[in-house]
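User: I have a model open and want to learn how to read its features. Can you take me through them one by one?

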Amino acid sequence: MLPVKLFTDFIDLNNLFGHGSKVLAAVSGGMDSVVMVHLLKSAGYNFGIAHCNFQLRGDESTGDQEFCRSLAEKLHVPFHTINFDTLKYGADEKISTQMAARDLRYQWFEEIRQESGYSVIALAHHQNDAIETILLNLTRGTGIAGLHGILPKNGALVRPLLFLNRGEIKNIIDENGLDYVEDSSNVSVKYARNKIRLEVIPKLKELNPALEQTFEKNLQHFRELEQLLAQRVAELKKELFVYHDEEVQVLLDDLKKLEPQRLLLFNLLQEFGANETIVDDLISSLDKHPGRIFETQRFRMVLDRNTLIITPIKQAQNRGTLIRLDDRELDYPGYKLNILHDDSPLIIKNNPLAVAVDTDLLIYPLTLRAWQQGDHFYPLGMRGSKKISDFFIGEKVPLHKKNEIPLLINGNGEVIWVGGYRPDERYKVSKETKKVTIFELMKTI
């Protein structure tokens with residue numbers, strides 16, 4: 001007999017989906033997913049079956065696919081399937097075969113969910129999977145989030161079998177005479193998860209035969225602790241974060257008062273991509289000279305005199321924007337650049353956002369980009385060159401603003417103009433100038 005009541009109670013308790021929902025069941029053909037679809041059918045839910053053939057086990061993979069097709073026909077539900085070249089995808093993306101299979105299946109499940117109008121994607125993870133996940137995370141290193149195991153619901157992903165352990169699922173299979181397929185790779189200990197399942201957990205069960213029940217209680221404690229931390233971090237963001245357009249500022253004195261400092265700071269900065277190394281380096285720099293810069297993939301964090309300033313990294317600034325001879329306007333992060341060619345030797349005065357230069361000295365394509373280490377120019381009105389970094393210091397440009405200032409670069413690599421500040425002496429309009437080109441920046445934010 002199937003535990004339908006326990007199944008529906010768990011679904012309702014965790015608000016996984018309603019009886020009117022359309023459920024996409026991810027089915028490998030193994031014991032777990034077979035029990036899940038039989039429970040869905042017996043409980044009267046509207047569902048379809050999705051199966052991925054990763055083409056990693058030859059005829060065995062094809063056999064699993066056909067089994068799932070037959071299972072869908074037997075249950076009279078829609079069937080979705082796809083064949084993946086998993087090894088090629090893994091090689092192209094430079095990731096492991098397991099990670100490739102994971103990425104491929106979740107991407108495809110979501111595509112089918114949206115295309116076919118399914119509300120949720122049901123996965124057949126159970127209590128033992130949650131234990132394996134925690135042990136893996138502990139082995140590799142984890143924070144509190146890695147201790148909550150597998151959540152019953154995460155966005156459109158739901159796991160309605162988390163009320164069962166592996167032994168209970170095996171009993172359901174045997175008692176109800178349910179057919180399933182066995183994945184031969186599940187007995188290979190070359191995969192870390194299999195090694196934990198086959199070698200580590202049996203030893204732990206010798207110490208505690210009720211391991212699954214103990215872990216389930218621990219998981220509840222960890223989840224509640226995670227909720228408590230999330231609430232505290234949300235409160236701190238409201239108290240400490242000051243927003244200026246895309247910029248976030250936090251007083252260093254407030255960061256120094258955090259307790260426990262490392263835990264709270266890590267969680268405060270996690271949304272900006274900060275990892276443990278960045279957090280440790282930042283903490284060690286709080287009482288040192290200002291000027292340290294920390295970068296994640298998408299954000300830059302600058303330790304100013306008394307403030308941590310966080311700004312998004314605008315990729316176009318780093319790459320630079322090419323300017324061709326026939327261009328008349330173009331966009332640059334935070335600005336629009338207008339370009340005008342004129343036959344009269346105009347000189348721009350009292351407008352730092354515009355400059356007139358000698359057209360004959362320009363070598364196209366020009367580039368508009370952020371400053372780089374080693375950049376230098378000959379500031380208008382001065383003899384000799386000056387490093388851009390030193391020029392910024394002299395102009396008292398805040399550290400976090402330096403990368404937002406556009407530099408106009410000639411085709412020979414020379415700086416023509418520090419946008420909004422100073423043109424280069426070498427490109428000024430003179431008595432010999434026959435034609436000028438005017439560049440004008442207009443702020444868009």
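Analyst: Start with helix axes. An axis is a line fitted to C-alpha atoms, for helices over the stretch in contact, and angles run from 0 to 180 degrees between N-to-C directions. Helices (H or I, at least four residues) and strands (E, at least two) are DSSP runs, numbered from the N terminus. This is a predicted model: local features need pLDDT of at least 70, side-chain atom pairs count only at pLDDT 80 or more, and totals for chains, interfaces and linings use all residues. Residues are numbered from 1 along each chain as its sequence is written, and side-chain values use heavy atoms, with hydrogens and water left out.

User: At roughly what angle do the axes of α2 and α7 cross?

Analyst: Roughly 65°. Helix α2 covers residues 31–43 and helix α7 covers residues 166–176; their axes come within 10 Å.

User: What is the hand of the crossing where α2 passes α7?

Analyst: A crossing is left-handed if the near helix is turned anticlockwise from the far one by less than a right angle, and right-handed if clockwise. Here α2 passes α7 in a left-handed crossing.

User: Which residues of α2 and α7 make the contact?

Analyst: Contact means heavy atoms within 4.5 Å. From α2 come Met-31, Asp-32, Val-34 and Val-35. From α7 come Ile-169, Lys-170, Ile-172 and Ile-173. To sort them, count Ala, Val, Leu, Ile, Met, Phe, Trp, Tyr, Cys and Pro as nonpolar, Asp, Glu, Lys and Arg as charged, and the others, Gly among them, as polar. The α2 and α7 contact then divides into 6 nonpolar, no polar and 2 charged residues.

User: How do I put the angle between α6 and α9 into words?

Analyst: Under 35 degrees is roughly parallel, over 145 is roughly antiparallel, 65 to 115 is roughly perpendicular and the rest is oblique. Helix α6 (residues 127–140) and helix α9 (residues 211–240) have axes that come within 10 Å and cross at roughly 65°. The two helices are therefore roughly perpendicular to each other. The crossing of α6 past α9 is left-handed. On α6, the contact uses Gln-127, Asn-128, Ala-130, Ile-131, Ile-134 and Leu-135. On α9, Leu-211, Glu-212, Phe-215, Glu-216 and Leu-219 take part. The residues of this contact split into 7 nonpolar, 2 polar and 2 charged.

User: Next, salt bridges. How many does the structure hold?

Analyst: A salt bridge is a side-chain nitrogen of Lys or Arg within 4 Å of a carboxyl oxygen of Asp or Glu. The structure holds 29. In one of them, Asp-280 pairs with Arg-262, with the closest N and O atoms 2.6 Å apart. This pair links distant parts of the chain: Asp-280 sits in helix α12 (residues 276–285) and Arg-262 in helix α11 (residues 261–269), 18 residues apart.

User: Is Asp-424 buried or exposed?

Analyst: Buried means under 20% relative accessible area, exposed over 50%, partly exposed in between (1.4 Å probe, protein chains only). Asp-424 has 1% relative accessibility, so it counts as buried. Its side chain meets that of Arg-426 in a salt bridge (2.9 Å, N to O). Arg-426 is partly exposed, at 30%. Salt bridges can also share partners: Glu-132, Arg-166, Arg-193 and Arg-197 are joined into one network this way.

User: What should I look for in the backbone?

Analyst: Look for exceptions. Most residues other than glycine have a negative phi, and most peptide bonds are trans. Now the cases here. A cis bond joins Glu-259 and Pro-260, with omega about -5°. Pro-260 is in the loop between α10 (252–256) and α11. The bond from Tyr-364 to Pro-365 is also cis, with omega near 0°. Pro-365 lies in the loop between β15 (354–358) and β16 (366–369).

User: Where does Asn-15 lie, and what is the phi of this residue?

Analyst: Asn-15 lies in the loop between α1 (4–13) and β1 (22–26). Its phi is positive, about 55°, although Asn-15 is not a glycine. At 57% relative accessibility, Asn-15 counts as exposed. His-76 has a positive phi of about 60° and is not a glycine. The loop between α3 (59–75) and β3 (79–83) holds His-76. With 68% relative accessibility, His-76 counts as exposed.
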